[in-house]
Amino acid sequence: MRTLVLGGIRSGKSAFAEKLAAKGGAVRYVATAVLDPADADFTERVAAHRVRRPGVWNVVEGDPVAVLAERAPVTLIDDLGTWLTARIDARGAWELPRGTVKPDADDLVAAVAGYRDRLVIVTPEVGLGVLPATRSGRLFADEIGELNQRLAEICDEVVLVVAGLPTRIKPEAFAAGSVGTSAATAAAGSAAGLAAGVSSGAADVSALAASDSAAAAAGSAAAQAVSAAGLAAGVSSGAADVSALAASDSAAAQAVSAAGLAAAASSGAADVSALAASDSAAGQAVSPTAAEAVSQPGAAAALAAGVGSGAADLSAAAESDSGAARAGSSASPFWTTSAAPVFGAVPAPNAQVLAQAKERQLQLTKPPGALGRLEDLGNWVAACQGVCPPKQFERARVVVFAGDHGIARYGVSAFPSEVTVQMVANFLHGGAAINVLAGLAGATVRVADIAVDGDTDPSVSHYKIRRSSGAIDREDALSQAEVEAALAAGRAIADEEVDSGADLLVAGDMGIGNTTPATVLVAGLTDTEPVRAVGRGTGVDDAGWMRKTAAIRDAMWRARPHRKDPVALLRVAGGADFAAMAGYLAQAAARRTPVILDGLIVTAAALVAEMLSPGAKAWWVAGHRSAEPAHELALTKLGLTPLIELNMRLGEGSGAVTALPVLRGAVAALADMATFADAGVSTAEEADAR
């Protein structure tokens with residue numbers, strides 16, 4: 001993940017970037033400033049930055065191009081303004097033609113483009129200011145403006161900070177199609193729709209943001225960011241009237257303008273009203289999401305589809321309590337500037353490294369193929385990591401996606417829905433099977449409440465979409481806005497884990513009644529009759545099995561028209577937890593991180609994830625084969641062979657972590673075994689030669 005943080009002087013861009021980088025753990029801080037002892041004011045500014053930085057950070061003073069040649073878990077470059085000034089000084093280019101420092105800029109852009117670890121870059125935004133009066137000022141503005149455009153093109157995320165308020169203006173969903181041809185088009189996420197060119201009409205954006213703690217008013221800062229972006233996007237005619245009243249607490253403020261206009265109408269008016277509340281523990285600015293429109297799903301769906309004409313009125317209310325979203329239908333406090341996350345095809349693991357791994361297997365002190373499938377697994381891990389021999393997994397991470405399902409109210413499960421919220425608490429206290437098995441396998445566990453039908457600990461409900469998905473035999477599981485928000489949540493969770501250093505991911509599940517939608521998805525996508533796919537789930541009796549089969553039959557009938565549309569399929573017949581898992585699995589593949597799939601629930605989500613991101617399955621391995629009959633159907637559809645088969649059907653990620661030691665063994669064998677040459681052992685060819 002590469003994040004570009006833009007902001008003017010005293011905008012708070014550096015402080016925001018430091019908080020962002022600190023989430024990833026140990027930080028390598030690249031300080032680009034060259035101190036002039038005679039400049040007391042600048043020296044004081046640098047000192048203020050130093051005081052903010054944690055003492056454990058590794059501070060490097062030098063050229064970021066050279067620094068990026070070596071990997072680090074998290075790197076923060078602050079900032080490119082002082083770097084560019086130093087490069088102009090070094091080339092004596094202040095009076096020379098523009099473009100003299102282009103070779104330096106080319107080297108930096110290439111270094112950033114090739115960098116694969118977490119990277120945060122701070123740079124001054126000059127496009128919103130007045131034209132400098134001096135030639136040197138204009139030269140700097142031109143050079144930094146062009147550099148910012150080039151970096152915005154290749155970075156996964158771009159954030160604009162105005163008066164301490166960050167607004168995400170380039171989500172990863174737009175990375176492939178970003179234009180980036182002018183500094184102004186990157187001004188704010190709210191301008192995404194307007195950038196297409198509103199030929200006529202007025203955009204009236206009113207925003208009221210308040211925080212739940214005593215906070216200083218940010219005045220019209222949020223409105224300034226929005227209005228500047230809208231004007232810069234180039235409205236050929238009409239009026240842009242932007243008024244905003246924002247109140248910010250010490251850690252976060254609402255970027256209320258961003259999400260709704262991304263699908264802006266080609267003509268007519270968009271009236272977006274948002275009431276947002278932020279607590280002092282939010283830690284980042286949040287903008288309205290698809291989930292925040294739960295109270296008005298029609299409006300959110302209309303925006304997501306792109307309104308051709310007329311007015312779209314989106315009202316969203318979000319509240320937070322003690323640092324977490326209130327459970328239920330309230331908004332989840334996470335970012336997304338796109339109502340519909342966009343996933344694309346995923347390239348396969350490194351074929352060249354795969355060939356190197358196969359060659360190394362032939363050099364190890366064993367007969368060729370003697371370790372059987374362990375050899376194939378080791379080769380696969382090496383290809384995923386892009387290095388041979390592969391590295392042992394240092395941070396295997398399990399994320400358990402918890403969510404209830406309305407169908408459980410109709411007798412398809414042996415347990416009541418309240419068990420889900422109780423089990424979430426059990427996970428947090430370390431008492432569940434996944435906690436025990438993951439600890440033994442060297443993995444850690446995270447729980448995410450996506451749709452639990454009850455209140456859970458605030459530490460796990462950040463991405464909550466709603467209370468329980470719908471009863472899919474008679475109603476849609478989710479609204480359009482909710483399914484898009486759930487996909488975005490899963491993608492964000494995957495990004496968070498990879499950015500925090502996870503080198504192997506596992507998805508687990510917890511939710512009473514979840515085998516019913518899982519079976520609907522699998523049977524529908526494999527064209528299988530319900531009676532061949534339905535299992536006992538948590539252990540239903542014969543009468544329960546018949547009720548479950550009938551529910552699956554009816555849900556399959558409702559889902560049949562949507563079998564070719566993965567998002568619609570999740571909306572009608574899946575659920576918030578399935579959508580989040582699908583987004584998680586697809587994004588893990590996009591981030592080139594291997595995944596061990598668990599049982600039926602996760603593999604059903606994987607089928608949909610493969611539809612979202614063709615090629616993603618090349619980054620997954622099946623941990624086990626469940627006792628549920630639909631699981632075998634799903635594995636066959638994906639072309640995956642499980643590592644173990646122990647008649648497990650618990651879920652939670654338990655089968656995947658039980659298989660994890662097998663994968664660790666495959667890595668160790670390929671990486672740590674001696675070669676014939678190292679050990680002085682004769683090969684079969686050498687023995688024949690004697």
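Glu652 is found in the loop between helix H20 (629–638) and helix H21 (654–672); helices here are DSSP runs of H or I with at least four residues, strands are runs of E with at least two, and both are numbered from the N terminus. This is a predicted model, where local features need pLDDT of at least 70, side-chain atom pairs count only at pLDDT 80 or more, and totals for chains, interfaces and linings use all residues. Residues are numbered from 1 along each chain as its sequence is written, and side-chain values use heavy atoms, with hydrogens and water left out.

Phi of Glu652 is near 70°, a positive value in a residue other than glycine. With a relative accessible area of 4%, Glu652 is buried (buried means under 20% relative accessible area, exposed over 50% and partly exposed in between, with a 1.4 Å probe and protein chains only). Arg10 also has a positive phi without being glycine, in this case near 55°. Its place is the loop between strand S1 (2–7) and H1, and Arg10 is exposed, at 67% relative accessible area.

One runs from Asp78 to Asp79, with omega near -10°, and Asp79 sits in the loop between strand S4 (74–78) and helix H4 (80–91). Another joins Cys388 to Pro389, with omega near 0°; Pro389 belongs to the loop between helix H10 (373–385) and strand S15 (396–403).

Another proline, Pro166, lies in strand S7 (residues 165–170). At 5% relative accessibility, Pro166 counts as buried. Pro166 and Val5 are 161 residues apart in sequence, yet C-alpha to C-alpha they are 8.8 Å apart in space.

Now for the interior. In soluble globular proteins, nonpolar side chains tend to be buried together. A nonpolar core is a set of buried Ala, Val, Leu, Ile, Met, Phe, Trp, Tyr and Cys residues joined through side-chain atoms within 4.5 Å. The largest one here has 110 residues, and those with the most contacts inside it include Phe401, Phe578, Tyr584 and Trp620. Helix H18 (residues 576–590) gives the most to this core, with eleven residues. Apart from it lies another core, of 32 residues, among them Trp83, Ala105, Ile144 and Val158. As for Tyr584, leaving aside residues up to four places away in sequence, it touches Arg397, Val399, Phe401, Gly490, Arg491, Ile493, Ala494, Leu505, Val506 and Ala507, where contact means heavy atoms within 4.5 Å.

Finally, helix H14 (residues 515–526) and helix H19 (residues 600–612) pack at an angle of about 45°, with their axes 9 Å apart. That makes H14 oblique to H19 (under 35 degrees counts as roughly parallel, over 145 as roughly antiparallel, 65 to 115 as roughly perpendicular and the rest as oblique). Axes are lines fitted to C-alpha atoms, for helices over the stretch in contact, and angles run from 0 to 180 degrees between N-to-C directions. On the H14 side, Thr515, Ala518, Thr519, Leu521, Val522 and Leu525 meet Leu600, Ile601, Ala604, Leu607, Val608 and Met611 in H19.
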